[in-house]
Amino acid sequence: MLAFSVIALSSPASAQVTDSITIYNAQHEGLTKEWAQAFTEETGIAVTIRQGSDLEIGNQIVQEGANSPADVFLTENSPAMALVDGKGLFEPVDKATLDQVPDGFKPGNGHWVGVAARSTVFAYDKRKLNESTLPKSMLDLARPEWKGRWTASPSGADFQAIVGALLQLKGEEATAAWLRGMKENATPIRGNSTAMKAVNAGQFEGALIYHYYYFGDQAKTGENSNNVLLHYFKNQDPGAFVSISGGGVLASSKHKEQAQAFLKWVTGKGGQKVLRDGTSYEYAIGKGEASNKALVPLAELQAPKVEPATLNNAKVTDMMTAAGLL
């Protein structure tokens, strides 16, 4: 049984509590807390957050099945959403909510919806690399000349989502070859922020991470990123993969109306404004909604087209295990 940390967010005294929802949250705790507090202010619906990680919570929901106390599941990456959806445990998302999010940021079946996004980047030491010496493709990192020069956090759901996109885009043979090259070339490290910090300290020339770790550190002291710049692979490269953070309503929820209202709010102007103006530095994905002005616009990332509902995490973990990365 997963041990959650639990945050109860009550509605203000001026608001009448019409009901409450429980969120199983694998998104960043601070971001979901901001969403929940603003949602409660506006609707009077109280929120309890149970915090964990993507696949831990996904597997917990599968284990609980129809007895799950969760009303909403939020993730950092989409494979955990696909895991729960594959077991038939989601209620279809209301059409009005789905209509707020562009195609490509939600699965075709409408069983869950994107709520935010994050871009894959190569965070590099600007003292050692420049535009002419950077890898042109993520696939280049498996070449012999990159041996010992880069790092990543293979045990994390973030990295496994990137490998899932590679598998979907290039197939099993190419993915297996890349993972073998990674095993030879990369030094594993635990956590994306730790990987970036190691690059900043000169331990590695680069790290394959998501973009927001850099922007979050720069917005504070920059002490873990002042020697770092971000390389965007673009050109529909697997390394330009944009991962979708998902939200879904559990079919077992006893508060479906309120849970659906939360997803509609998060994907609408209120929730996307939190992304634009807050400190998460994740991308807003609602139609017509702007992201934080510090970020490279989503349209300029030239991300490959990936079907989020079919990112196969079970296959990814099998392949990474076979390659000696897990």
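A residue is called buried when its relative accessible area is under 20%. The structure used in these exercises is a predicted model.

**Exercise 1. The pair Phe39 and Trp265**

Task: Decide which kind of ring pair Phe39 and Trp265 form, and where the two residues sit.

Solution. 
Step 1. The structure holds 10 aromatic pairs. In this one, the ring centres are 6.1 Å apart and the planes stand at 65 degrees.
Step 2. Planes over 60 degrees apart count as edge-to-face, so the pair of Phe39 and Trp265 is edge-to-face.
Step 3. Phe39 belongs to helix H1, while Trp265 belongs to helix H8 (residues 256–267).
Step 4. Phe39 and Trp265 are both buried.
Step 5. Ring pairs also bring in Phe262, giving a cluster of Phe39, Phe262 and Trp265.

**Exercise 2. The pair Phe159 and Trp178**

Task: Find out which kind of pair Phe159 and Trp178 make, and whether Phe159 is buried or exposed.

Solution. 
Step 1. The ring centres of Phe159 and Trp178 lie 6.3 Å apart, with planes at 25 degrees.
Step 2. The angle is under 30 degrees, the limit for stacking, so this pair is stacked.
Step 3. Phe159 has 2% relative accessibility and therefore counts as buried. Trp178, at 3%, is buried as well.

**Exercise 3. From strand E2 to strand E3**

Task: Describe how strands E2 and E3 are joined and what unit they make with helix H1.

Solution. 
Step 1. Strand E2 covers residues 20–25 and strand E3 covers residues 46–51.
Step 2. The two strands run parallel and are joined by six bridges. Ile23 has Ile49, in E3, as its bridge partner.
Step 3. Together with helix H1 (residues 29–43), E2 and E3 form a β-α-β unit that is right-handed.

**Exercise 4. The nonpolar core**

Task: Which residues of the largest nonpolar core touch the most other members, and what does Leu208 touch?

Solution. 
Step 1. Nonpolar side chains tend to be buried together in soluble globular proteins.
Step 2. Here the largest nonpolar core has 96 residues, and the members touching the most others are Trp35, Phe73, Phe122, Trp150, Trp178, Leu208 and Phe262. H5 supplies the largest share of this core, 10 residues.
Step 3. Leaving aside residues up to four places away in sequence, the contacts of Leu208 include Phe122, Trp150, Phe159 and Trp178.

**Exercise 5. Trp112**

Task: Where is Trp112 placed, and is Trp112 buried or exposed?

Solution. 
Step 1. Trp112 is in the loop between helix H4 (95–98) and strand E6 (113–125).
Step 2. Its relative accessibility is 0%, so Trp112 counts as buried.
Step 3. Trp112 and Lys264 are 152 residues apart in sequence, yet their C-alpha atoms are 11 Å apart in space.

Technical notes: Residues numbered from 1 in each chain as written. Predicted model: local features only at pLDDT ≥ 70, side-chain atom pairs only at ≥ 80, totals over all residues. Heavy atoms only, no water. Pairing = 2+ DSSP bridges. Helix = DSSP H or I, 4+ residues; strand = E, 2+ residues; numbered from the N terminus. Right-handed = clockwise from strand over helix to strand, strands pointing away. Buried < 20%, exposed > 50% of the residue type's maximum accessible area, 1.4 Å probe, protein only. Phe/Tyr/Trp six-rings, centres within 6.5 Å; stacked < 30°, edge-to-face > 60°. Core = buried A, V, L, I, M, F, W, Y, C linked by side-chain atoms within 4.5 Å. Contact = heavy atoms within 4.5 Å.
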